[in-house]
Each structure stands twice: as structure tokens, then as C-alpha cells.
Amino acid sequence: MSQHAAGRWQNDDRAIVILLGAFVVAWTVFHTVVFAPIGLHPDLTEVYSWGRHPALGYFKHPPLSGWICGLWFSVFPSADWAFYLLAMVNAAAGLWFIDLMAQRYVSAGKRPIVILLLLMTPFFQFFGLKFNANAVLLSTWPLTVYCFLRAFESRALVWSAAAGAAAALAMLGKYYSIFLIAGIVIAALSHPKAARYLKSPSPWISAAVGLLLVAPHVEWLLRTGWLPLTYAYAAHPKAAFIPVAISVAGYLAGAVAYVALPVAAYWVIVRPTWPKLVETLWPRDADRRMLVTMLGAFVLLPAVAAPFLGLELTSLWTMQSWFLLPVVLLAPLDATLTRRAALGTAGAVAVFTILVVVVAAPVLSWLNFSRADKDDRGYAKSLGENVTRLWHSEIGRRLAVVIGDNSLAGSVEFYSADHPDSVPFFDPKLAPWVTPQRMESEGWAAVCNAADAGCLTQAQNLAAFNSRAVRRTIEITPKYLGYSAKPGRFIVTIVPPRALASLTAASPGRP
């Protein structure tokens with residue numbers, strides 16, 4: 001490598017570090033400001049609950065998001081900003097893995113443009129906001145492809161094992177990653193060197209390591225009656241052919257719309273001719289052609305499989321599938337762009353980010369506050385504090401268990417200083433660490449919106465066995481920047497611990 005080229009690569013390295021650092025800071029601030037008046041989304045409080053009880057699986061999803069969340073909050077405080085920071089660090093990790101791939105295919109000077117084009121999609125800044133089973137795919141899919149490419153090229157033991165381990169992580173993130181693995185297999189088999197690769201130990205080492213790492217989760221699935229799959233089929237019941245076909249059309253149209261802006265930017269800064277575009281989308285170089293095959297497989301395989309599975313698709317599910325697109329577009333050596341075009345692209349992304357963070361964030365924050373009464377999230381932070389205070393005044397000890405719908409129970413778990421374990425939907429099977437013995441010995445509180453008759457009935461039925469159970473009403477008025485929103489009313493059913501119930505039953509003087 002010439003001294004000039006080496007300098008260009010070093011400049012790229014510095015640019016990537018600065019770009020990813022600015023990305024994490026800017027978008028963490030944005031989300032913290034926008035959602036300051038309201039509580040966390042139920043997906044986040046749910047994965048926070050899982051993270052406090054590491055397991056081989058959870059009722060909705062495999063365990064990776066819970067594991068990461070548990071590790072994160074063993075270091076960071078239980079605060080909204082820490083959750084948004086986790087989401088942006090996860091997204092930045094995905095972008096970093098993408099840059100590692102770009103280094104292998106994109107010439108010096110174009111690597112930052114790969115990241116900038118991806119930042120023109122909503123995937124990393126907006127969809128990556130909610131750190132859940134979908135968000136972890138933003139980092140695990142690029143990591144898996146990068147490790148596979150190194151293994152395919154070198155057939156080295158370490159990269160073969162790393163590819164299998166990364167694929168296992170992706171599957172432990174969400175079962176949708178089966179399309180990642182299928183796409184990699186199709187791309188590998190399409191390569192002229194496929195036979196040499198298959199005859200080497202590399203793919204079999206990857207498969208063995210991957211299977212070994214997912215085996216404990218598979219055993220858990222068998223032991224629990226395939227619990228996440230049961231949930232998945234309940235949430236996405238099998239549909240007839242016509243609705244599926246319509247959803248597939250919408251999935252493909254939405255998928256293209258999501259990347260329309262970066263494709264338009266590529267067209268402006270590269271100005272490809274027709275022959276150059278053909279060479280880009282179906283290269284003569286077998287290694288680059290494998291990337292195109294993977295990209296196409298990641299996006300199209302769900303559409304092909306949907307009619308056979310009876311599954312209605314949504315274009316949101318393509319958020320982790322498009323990461324190879326800017327690498328494919330910028331990989332050809334003749335996909336040149338001027339310094340002015342590069343600076344213009346960086347400037348456009350920077351101006352958009354500044355405008356969104358400085359101008360849009362306060363406006364969106366106020367809109368969230370003004371609609372606080374439309375969603376229980378508007379009361380979540382105060383609810384956790386009030387339920388805890390009420391429990392302490394009635395029982396005089398730590399609140400250990402809270403029950404209710406997924407949103408309210410999860411909010412109390414996160415925002416209460418006691419951080420009680422939550423039982424979503426009044427179903428202890430969904431939180432197996434909360435046993436009937438614990439509920440008896442530690443007591444529990446059920447939290448319901450006063451307008452939710454179904455929740456109130458479930459709380460009443462569950463508390464019927466305990467004559468010392470009491471109901472209390474909490475009224476919460478959200479406040480923000482000196483303004484007040486519409487008050488909300490919540491009913492808290494308090495069931496004291498068994499030992500305390502026995503003591504108070506023997507002491508009639510206690511209120």
C-alpha cells in the first residue's frame with residue numbers, strides 16, 4: 001500500500017470513529033429529550049425485566065436482548081437516558097461491523113460514505129430506538145456476515161468458529177435470523193469456490209459451534225413447550241393467501257421506500273452509467289457478486305416464504321436486511337465521487353441531524369406531553385413512585401412483586417425505587433421467577449387504569465383469597481415545563497405478605 005493510500009485509510013479510520021461517536025451522542029440526546037415527558041415503551045420495560053433474570057429463553061423471544069440488557073444495567077443506572085444510550089451503542093456497533101466489511105470492498109475515501117448512506121435510512125436512528133429482539137439484529141446480522149466473509153476467504157479455524165458463534169447470537173436474538181443463515185448459505189453455494197469451501201473444515205466448524213451454542217436454548221424450548229413460537233403464532237396467526245399476497249406487495253414496496261433516499265443520494269454523487277450500474281448490481285467479480293446475492297436473499301427470502309407459512313409481512317422487518325446495500329453500490333473501483341460530493345453528503349447528514357436534535361426534538365417532546373392522557377406512558381414515571389409510596393405506607397416493607405397489564409406493571413418495575421419483579425397480563429407463567437410461594441410470602445400489588453374493567457376484575461379475582469387485600473386510588477397529573485396535563489386515575493390492589501396478613505388479622509387495632 002502506498003504512503004498516500006495508507007494516509008487515506010487512516011483518515012477514514014478517524015472519520016469513522018468521529019462519525020460513530022457523534023451518532024451515539026446526538027441520537028441519545030434526541031431520544032432522551034423527545035421522550036422526557038413520558039415513560040419507556042413497554043418493549044423496553046419488558047426486556048429490562050428479562051435482563052434482571054437471565055434465562056435460556058423468555059415467553060416472547062429468545063434470550064439475547066435480555067442478556068445484553070441485564071449486563072448493561074449492571075453497570076448503568078435504571079434511567080431512560082441509559083436505555084436510549086444502549087440502543088444507540090447497539091446501532092453504532094452494527095455500523096462499525098459494516099465498516100469492517102466495507103474495508104474489504106470499498107476503496108479508501110469511500111468508507112465514511114457507506115455509513116452516511118445508511119444514516120439516510122430510518123433504521124439505525126429511529127427504528128433502533130427500542131432496544132428489543134428486533135434491534136439486536138442491527139448489530140448481530142452485520143457481525144455474522146463479516147465473520148462469514150473472513151471464514152469463507154481464509155477458512156481459518158478462528159473465523160470459522162466466530163462465524164458459527166455470531167450466527168448463534170443472531171438466532172438467540174430473534175428466530176427471524178433463519179433468513180440470515182439461509183441467505184449466507186445461498187450466497188456461499190453460488191460462489192465459484194463453493195466446492196473448495198465445502199470440502200474444507202470451515203463450514204462444518206461454523207455449523208458445529210453454532211449448534212452447540214443454541215443447544216441449551218433448544219432444550220429450553222422443548223422443556224417449555226416451544227413457548228416463544230406459541231406466542232409468535234398467537235401474535236401472527238396464519239392468514240389466507242390473498243391477505244398474505246397483499247402484505248408481501250406492501251412489504252416489498254415499503255422495503256424499497258426505506259432505501260429510496262440513500263439510493264437517490266448514490267445516484268447524485270456517483271452518477272452511474274448504465275453499464276456501470278449493471279456491473280454494480282451483478283458484478284463479474286465473484287466476491288462482490290456474493291454480496292449482491294446475500295443482500296437479495298436477506299430482503300426477498302421472507303417474501304418467498306410468506307405464502308408457504310401463511311405469514312403476513314411488514315416492511316419494518318427489512319430494517320436489518322439492507323446493511324450491505326451501500327457496500328454493494330460503492331464497491332466498484334469506478335464508482336468514484338468527488339471530494340465535493342463526499343463533503344456534501346456528510347454536510348447533508350450533519351445538517352439534518354442538527355435540525356432534528358435542536359429543532360424537532362423539543363417540538364416532539366411537547367407533543368408527547370400534550371398527548372399524555374392518550375397513553376399510560378404519560379403517567380408511568382409518577383406511577384412507579386406513587387405505587388411504591390402507597391405500598392410502603394400500607395405494608396411498611398419493600399415492594400417485591402407488581403402485577404397488571406404489560407405496560408403498567410413493567411413501568412412500575414422500572415421506575416419504582418424498589419424495582420419489584422413484574423408479572424405481565426396477570427400470568428405468572430410469563431415471569432417464572434415470580435412463584436406462587438413468593439407472592440404469598442412477599443405480597444404483591446396489582447396496578448390498573450381505573451377505566452380498564454378487565455384489569456380490575458382480574459385483580460379482584462386474584463386478591464379474593466386474601467381478606468386483608470385493600471384497594472386504593474391514585475390520581476396522577478403529569479407536569480412538564482410548568483404545565484399540567486389531564487389527570488389519570490389508577491387503582492392499586494394491595495395484598496400483604498402472608499406473615500403480615502396473619503399478624504394484622506390477630507391485631508384488630510391495626511388500620
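Two strands are taken to pair if DSSP finds at least two bridges between them. Helices (H or I, at least four residues) and strands (E, at least two) are DSSP runs, numbered from the N terminus. The structure is a predicted model, in which local features need pLDDT of at least 70 and side-chain atom pairs count only at pLDDT 80 or more, while totals for chains, interfaces and linings use all residues. Residues are numbered from 1 along each chain as its sequence is written, and side-chain values use heavy atoms, with hydrogens and water left out.

Strand 1 (residues 401–404) pairs with strand 2 (residues 421–424) in the parallel sense over four bridges; Ser-422 of strand 2 is the bridge partner of Val-402. Together with helix 19 (residues 406–415), strands 1 and 2 make a right-handed β-α-β unit (with the strands pointing away from the viewer, the path from the first strand over the helix to the second runs clockwise). Strand 1 also runs parallel to strand 3 (residues 444–449), to which three bridges join it, and Ile-403 stands opposite Ala-446 there. Val-401 and Ile-403 point one way from strand 1, Val-402 and Gly-404 the other way, and all are buried (under 20% relative accessible area; exposed is over 50%, partly exposed in between; 1.4 Å probe, protein chains only).

Elsewhere, the largest share of a nonpolar surface patch, four residues, comes from helix 15 (residues 286–309). Leu-300 is found in helix 15, and counts as partly exposed because its relative accessibility is 45%.
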